Amino acid sequence: KDKNQSTQGYAILNQARIMGLEKAYQNAENTIIRKVFPLFNRSKNNEGKAIARITLAEIYRKQNKLTEAQWFLLQAKDIAHEIKLQSKILKIEYLLGISKYEQENYLVSKNELLNALRYTNNAKDKYTQLIIHDYLGRIALNQGDINTADEQLKKYWQLRNEIF
């Protein structure tokens, strides 16, 4: 009923997110690409453009289409940096790090996760810090760096005790 294109874009994006949760991946992808992107482009809603790309990347990641997911995350990262959308940069960096980890590209994953960790310190997001330290420890183990893995494990348990 609302003629505002941004509002329509967010509503349709939520529908696509639900489709993705229901594993109707093709419909979700097509909805975002063919309906949501044009609405946000016409309304010049850069935040919406970034959020739509993050959502699409999450849908691709659920299908293990990591290259496609990374492509849209990089686009979202550019938009988020351009409009200084700090709240989304953390999520983008985190998702990039996790997808690189899943591809066993540990060096790049480590760098992305360390970038995300810097943003979590600014946001005081202890839950995400906990997850990042877990992944950094796994990376260190995969690379045979026992000392770093031990440090990450200590940080992980310290945060876990603070949170829980």
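This is a predicted model: local features need pLDDT of at least 70, side-chain atom pairs count only at pLDDT 80 or more; totals for chains, interfaces and linings use all residues.
Let me start with Asn122, which sits in helix H6 (residues 106-123), where helices are DSSP runs of H or I of at least four residues, numbered from the N terminus. Asn122 is exposed, because its relative accessible area is 65%; exposed means over 50%, buried under 20%, and partly exposed in between, with a 1.4 Å probe and protein chains only. Between Asn122 and Gln70 there are 24 Å in space, C-alpha to C-alpha, for a separation of 52 residues in sequence.

Residues are numbered from 1 along each chain as its sequence is written, and side-chain values use heavy atoms, with hydrogens and water left out.

Now to helix H5. How far apart are the end C-alpha atoms of H5 (residues 86-102)? They are 25 Å apart, which agrees with the 24 Å that its 17 residues should span at 1.5 Å a residue, the expected span being 1.5 Å times one less than the number of residues. H5 is largely enclosed by the rest of the structure, because 12 of its 17 residues are buried; among them are Ile89, Glu93, Gly97 and Lys100. After H5 comes Glu104, with a positive phi near 65°.

Finally, Ile163 belongs to helix H8 (residues 146-163) and counts as partly exposed, because its relative accessibility is 31%.

Note on methods. Helices (H or I, at least four residues) and strands (E, at least two) are DSSP runs, numbered from the N terminus.
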